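Subject: Structure handover

Dear colleague,

Here is the structure for your files. My notes on it follow below.

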Amino acid sequence: MLDTEIIGEPLHHLESRRLLAEARRAVPEAFDDQGRLLSPIAGRWARPPAWFNAVSPIDGSVIAELPLLGAAQVATGVEQAAAESTPWAARPLEDRALAVAEAVVQLQMHRDLLIRILAWDIGKTLPTASNDVDRCIAGIAWYLEQVGPMLDGRKPLGLVSNIASWNYPFSVLLLNVLVQSLAGNSVIAKIPTQGGGVSLTLAFALLRRAGLPVSLVGGRGRDLSEALVGHPRIAGVAFIGGRANGAEVHRRLRETDKRYALEMEGVNAYAITHFTDWDTLSQQLRAGFDFGKQRCTAYTRWVVEKSLVPRFVRMYVDTVSTLRVGNPVLGAHVDYGPLIASSKAEELRALIAEAREQGTAVLYQGALAEDAFTARQERGAYLPPTLLFGVPQDSELYLREPFGPVDVLVSVDSEEELVREANVSNGALVASVATDDPELAQRIAARLHAFKVGINALRSRGDREESFGGKGGSWAGAFVGGTHLVRAFTDGPHPIEGNWPD
């Protein structure tokens, strides 16, 4: 057990304080005189009527105070952000590209600070946080080289609104913001309520220093949705989140002429039949636990031919039992840290308990790495891997994405049943099929209702030129990625590919 404390206070608490002090020195304009964060809106730093605590899932400590803006204040902010769009769009692409390139320089200068604060913000390990920030920087560098032909004959929409989940603040949300602004739009984004607001506020401060027309607001989703979705000055909306909230946003948008790209959850399934390459599948399984499966492309449903179930379970236990779960900032090696909040971990523990009462078998349940915590550390947000079998069809764990390290195993007797069980969620972002028979693989893959289907391989969101979207209820509106992302939030002669109501 690591017992790193000084005068009763854990050293890693002191580290988070040092990081915030370093952030105040780096971007003092982002803080008020009491050290609370402000909202960058159209070149000014707005003071909210109240703040809310940014709680680190690592140990439940408060690492900063974030702005809690009201609906009227954000509506005014939308007007101010929209006013930035016309002069920005009038600038030549070369000028906009120079400003974006300067933003990249600023992000690179403060890279290490952003990574360390991001780890505290949402509980990522330092390698995972590094990957998030570095993918953002590499991604926008690619767009800076490629964007010229993508914008040929196209014009920006105006003000684009971004409402995104907390899990990839840089490689998804911030990259989208940078590309949207490079294309000539002004941009407003919402701080994810559950986490990521501290590192994002610092990043937006750096983008403002480079002269980009980007704004960031914090507050309750129910208070800000009217301004960020329904306001007449909003020309486009990019949403990443759950199906319930996404469906409500979609209902509002499809009655308007606003452009939108709405990424929603789906149960990503891996179908396994006539298969023998367990070593390769083991490597994929282990890689799939990155960030505790808190990813929109995480595979959590394993649909397996009945005769292969015993072999799959042995492979699963042998592989997952080597994973280490613990505090990601102490220095001890861990494969993943906490879930985004103790309430999320408790929700999954309750769903597992409920499923067990209904007859579900827990085939594997891991343990936390005891040497990867400090003495008396809060551990409520940590959840080790769990494999369930025989989950009832009316269970939430059967029907929806857990967004955590909980896997569901389903045994099937036929190809028809395999396909049906893999397609349980009416559309998904990714799916895969594992089989030794190439012809069978192609036949099954063609029937899986996912935007991307891997054959003996995982699929991911992808970067740069690779398009991304979803089928069924997992997506609405324009697809993104590469040229698709640029076209999604510009007007021009080319058709916009996507998942539309018609």
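UniProt positions are given in the numbering used here, feature names are shortened, and annotations may be inferred rather than shown by experiment. With that in mind, an unreviewed UniProt entry carries the annotation "domain: Aldehyde dehydrogenase" for residues 52-490. Over residues 52-490 the chain is 42% helix and 20% strand, with the end C-alpha atoms 35 Å apart. Helices (H or I, at least four residues) and strands (E, at least two) are DSSP runs, numbered from the N terminus.

This is a predicted model, in which local features need pLDDT of at least 70, side-chain atom pairs count only at pLDDT 80 or more, and totals for chains, interfaces and linings use all residues. Residues are numbered from 1 along each chain as its sequence is written, and side-chain values use heavy atoms, with hydrogens and water left out.

The sheet: seven strands form an open, mixed sheet in the order β15-β16-β17-β14-β13-β18-β19, where two strands pair if DSSP finds at least two bridges between them. β15 and β19 are the edge strands, each pairing on one side only. From one strand to the next the twist averages 20°. Strands β13 (residues 268-272) and β14 (residues 299-305) are parallel and share five bridges; I272 has V304 in β14 as its bridge partner. Two helices pack on the sheet. Helix α15 (residues 415-422) touches β13, β14 and β17, and its direction makes about 155° with that of β17. Helix α16 (residues 438-445) touches β18 and β19, at about 170° to the direction of β19. Axes are lines fitted to C-alpha atoms, for helices over the stretch in contact, and angles run from 0 to 180 degrees between N-to-C directions; contact means heavy atoms within 4.5 Å.

Helices: α4 (residues 93-109) has 17 residues and reaches 24 Å from its first C-alpha to its last, close to the expected 24 Å (1.5 Å times one less than the number of residues). Its buried residues include R96, V100 and L107, and the buried residues pack against α3, α5, α6, α7 and α8. Buried means under 20% relative accessible area, exposed over 50%, partly exposed in between (1.4 Å probe, protein chains only). In α7, L175 is buried at 8% relative accessibility. Leaving aside neighbours within four places in sequence, L175 contacts C136, G139, I140, Y143 and F170.

Backbone: R376, in the loop between β15 and β16, has a positive phi near 60° and is exposed at 70% relative accessible area.

Regards
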